[in-house]
Amino acid sequence: MTYESWYTKFLTLYRDEIAEKTRESYERCYTAYIAPTLAAVELEDITPDDLQAVINIAKRKAGTRQAQIVYAQLHGCLSRAARSRHIPYNPADCIDKPKHEKEPGSSLNRRDMAALAPYIKSDIGFSLAAYAGLRRGEILGLQRRDVDLLAGTITVERQRLRVKGRIITAAPKSDAGKRIVPISRELFPVIRQTCHLLTPNALIYPLAPETFDRRWKRAQEIAEIEKLYRLHDLRHTFATELVKQGINLKALQYLMGHSTFQLTVDTYTHMTDETAAQEYARLQAL
């Protein structure tokens with residue numbers, strides 16, 4: 001059995017329930033990096049050197065993060081082949097996972113937040129990211145019926161993504177992504193004005209994902225921000241500000257829709273020398 005034959009069977013039997021976005025990533029990775037070298041090779045003839053060569057190609061062409069994705073796909077596919085007794089062992093066990101220094105997210109500093117505040121408060125999409133911590137797809141998937149102005153809550157239960165060139169609606173990234181988020185003081189007037197006269201199924205922010213990103217980039221250019229932030233950094237800012245105010249971190253994990261506590265603490269809470277000094281001064285005052 002060739003690698004391509006097994007890969008097709010592997011997706012059908014063992015990855016039949018993966019999300020459409022994930023399946024697209026699998027297919028793109030396989031076509032670009034794995035298939036040219038391994039598609040026609042018999043499973044039992046694949047060596048660790050073959051796998052390392054594929055990973056090196058991915059690293060040269062697309063960087064270390066893509067190399068990690070290729071490694072994960074090869075390892076998972078061949079691990080299942082070994083467990084199904086198609087090969088005596090998994091050759092991917094004999095090579096190291098590529099190292100990748102992840103570019104950290106950042107929260108907006110005080111000066112930039114002040115400069116961008118007028119743009120954030122005049123745009124419901126920016127406000128939902130900065131004042132509710134919602135992901136881009138969650139913002140784009142939000143409907144009027146998800147907003148309860150009387151209760152002061154937002155129900156997050158879907159996201160809108162672009163997959164294979166078309167925009168689809170899907171469940172959140174994990175079960176933890178389904179949550180009810182309070183409407184903050186800063187967000188309330190923006191969302192109340194936006195919801196005015198909308199029908200229950202109307203989208204709160206009916207944009208394409210890339211249009212949302214371009215709008216955020218343009219707002220920063222107009223505000224003359226020196227180093228541009230990612231749209232996702234508004235979510236980082238939301239989490240960091242809540243930590244500075246002393247929020248319970250398990251509550252923050254819920255609000256962020258994270259399945260693990262460690263992700264909340266390590267990735268979405270940023271400490272600077274200014275923040276550390278302010279926190280120390282606060283404790284000294286107490």
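**View 1. Tyr 7 is buried, with a relative accessibility of 4%.** Buried here means under 20% relative accessible area, exposed means over 50%, and partly exposed covers what lies in between (1.4 Å probe, protein chains only). The model is predicted, so local features need pLDDT of at least 70 and side-chain atom pairs count only at pLDDT 80 or more, while totals for chains, interfaces and linings use all residues. Residues are numbered from 1 along each chain as its sequence is written, and side-chain values use heavy atoms, with hydrogens and water left out.

**View 2. Tyr 7 and Tyr 30 form a stacked aromatic pair.** Their ring centres are 4.1 Å apart, with 10° between the planes. Tyr 7 belongs to helix H1 and Tyr 30 to helix H2 (residues 20-38), so the pair ties together parts that are 23 residues apart in sequence. Helices (H or I, at least four residues) and strands (E, at least two) are DSSP runs, numbered from the N terminus. Both Tyr 7 and Tyr 30 are buried.

**View 3. Nine aromatic pairs are counted by the ring-centre rule.** Why is the pair Tyr 3 and Tyr 7 stacked? The centres of the two rings are 6.4 Å apart and the planes stand at 10°, so Tyr 3 and Tyr 7 count as stacked. By the rule, rings of Phe, Tyr and Trp (its six-membered ring) pair if their centres lie within 6.5 Å; planes under 30 degrees apart are stacked, over 60 edge-to-face, and the rest tilted. Tyr 3 and Tyr 7 are four residues apart in helix H1 (residues 3-14), and therefore separated by about one helical turn. Tyr 3 is buried, at a relative accessible area of 0%.

**View 4. One aromatic cluster is formed by Phe 126, Tyr 205, Phe 212 and Trp 216.**

**View 5. Pro 206 sits in the loop between helix H8 (188-195) and helix H9 (209-222).** Is Pro 206 buried or exposed? With a relative accessible area of 58%, Pro 206 is exposed. Pro 206 and Arg 158 are 48 residues apart in sequence, and their C-alpha atoms are 14 Å apart in space.

**View 6. The whole structure contains zero disulfides.** Cys 29 is in no disulfide, and the nearest cysteine sulfur, that of Cys 77, is 11 Å away. A disulfide requires a pair of cysteine sulfur atoms within 2.5 Å. Cys 29 is buried, with a relative accessible area of 1%. Cys 195 is buried at 4% relative accessible area.
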